[in-house]
Amino acid sequence: MAKQYHFDSFVKSVHDILSISELRNVARESGFVQRLKKIMPEDFLSICAFLHEKVGTEGLGQLCASLSRESEISISKQALHQRLDEKGVAFLKQVFMRLAEKQQMLSLPSPSDYPFSRIRILDGTSFQVKKNTASYWDGVKIQLEYELYQGNFLHTLFYGPRDSDHDAAEELADTIG
């Protein structure tokens, strides 16, 4: 129960930062939607990020059932699969960038407060997926590097899910200067 409370609190805080109309504008700007259809941008965001605590572990059928239960939207597995394309990724990326930009405006320290001119943050997370064939990884590790003062993402790197974070740090060592 406590986990669900924290998860619901997180979803509420995201909605406090980005309104439904802002999400729909981001969806248009990214090319994810040209006109509002059966699945709304906020519903797509919910199934990709917020619908359950076990994001990324459910199949398309389970996601469609959850979407139907939570939002009373009936969508087929094929229709949902078609939304998981480059435009869907661009939409999610722009939502993430907007969230980062808005949160930065609220709490960014002034560079003059510190004796250094940059703060670079490198972190990663792994996603596990069911392994369909031997030719694919059973997941992926995504490493992001963010420069706090400028508010820019510097690098996005992809590795196997069990690769060390140290690999990304070594790969980026020559960019520090």
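This is a predicted model: local features need pLDDT of at least 70, side-chain atom pairs count only at pLDDT 80 or more; totals for chains, interfaces and linings use all residues.

User: Which residues of H4 are buried?

Analyst: Leu63, Cys64, Ser66 and Leu67. They sit on the same side of H4, because the arc they cover around the axis is only 165°.

User: Let's change topic. Which residues touch the most other members in the largest nonpolar core?

Analyst: That core has 21 residues, and the ones with the most contacts to other members are Ile39, Ile47, Leu80, Phe91 and Val95. Two or more residues each come from helix H1 (2-17), helix H2 (20-30), helix H3 (41-50), H4 and helix H6 (86-107).

User: Nice. What does Val95 touch, not counting residues up to four places away in sequence?

Analyst: Val95 is in contact with Leu18, Leu23, Val26 and Leu45 on that count.

User: Now the charged side chains. How many salt bridges are there?

Analyst: The count is 4. One of the salt bridges joins the side chains of Glu42 and Arg24, at 2.6 Å from N to O. Glu42 is in helix H3 and Arg24 in helix H2, 18 residues apart, so this pair links distant parts of the chain.

User: Is Glu42 buried or exposed?

Analyst: Glu42 counts as buried, because its relative accessibility is 13% and the cut-off is under 20%.

User: What else is Glu42 in contact with, leaving aside neighbours within four places in sequence?

Analyst: Besides Arg24, Glu42 contacts Ile20 and Leu23. The side chains of Glu42 and Arg24 also make a polar contact, at 2.6 Å.

User: Which residue does Arg98 meet in a salt bridge?

Analyst: Glu29, with 2.5 Å from N to O between the side chains. That pair also links distant parts of the chain: Arg98 belongs to helix H6 and Glu29 to helix H2, 69 residues apart. Arg98 counts as partly exposed, at 24% relative accessibility.

User: And what about Lys141, which residue does it form a salt bridge with?

Analyst: With Asp165, where the closest N and O atoms are 3.1 Å apart. Here strand E2 (residues 139-147) holds Lys141, while helix H7 (residues 165-172) holds Asp165, and the two are 24 residues apart.

User: Why is Lys141 called buried?

Analyst: Because its relative accessible area is 10%, and buried means under 20%. Asp165 has a relative accessible area of 36%, so Asp165 is partly exposed.

User: Last one, zooming out. How many helices and strands does the chain have?

Analyst: There are 7 helices and 3 strands. From the N terminus, their order is α-α-α-α-α-α-β-β-β-α. The chain has 177 residues, of which 29% are buried.

User: And what share of the contacts with a separation of 6 or more comes from residues 24 or more positions apart?

Analyst: Such pairs account for 51% of those contacts in the chain.

Key. Residues are numbered from 1 along each chain as its sequence is written. Side-chain values use heavy atoms; hydrogens and water are left out. Buried means under 20% relative accessible area, exposed over 50%, partly exposed in between (1.4 Å probe, protein chains only). Helices (H or I, at least four residues) and strands (E, at least two) are DSSP runs, numbered from the N terminus. The arc is that of the directions from the helix axis to the C-beta atoms. A nonpolar core is a set of buried Ala, Val, Leu, Ile, Met, Phe, Trp, Tyr and Cys residues joined through side-chain atoms within 4.5 Å. Contact means heavy atoms within 4.5 Å. A polar contact is a pair of N or O atoms within 3.5 Å; within protein, one must be able to donate a hydrogen and the other to accept it, and residues adjacent in sequence count only if both atoms are side-chain atoms.
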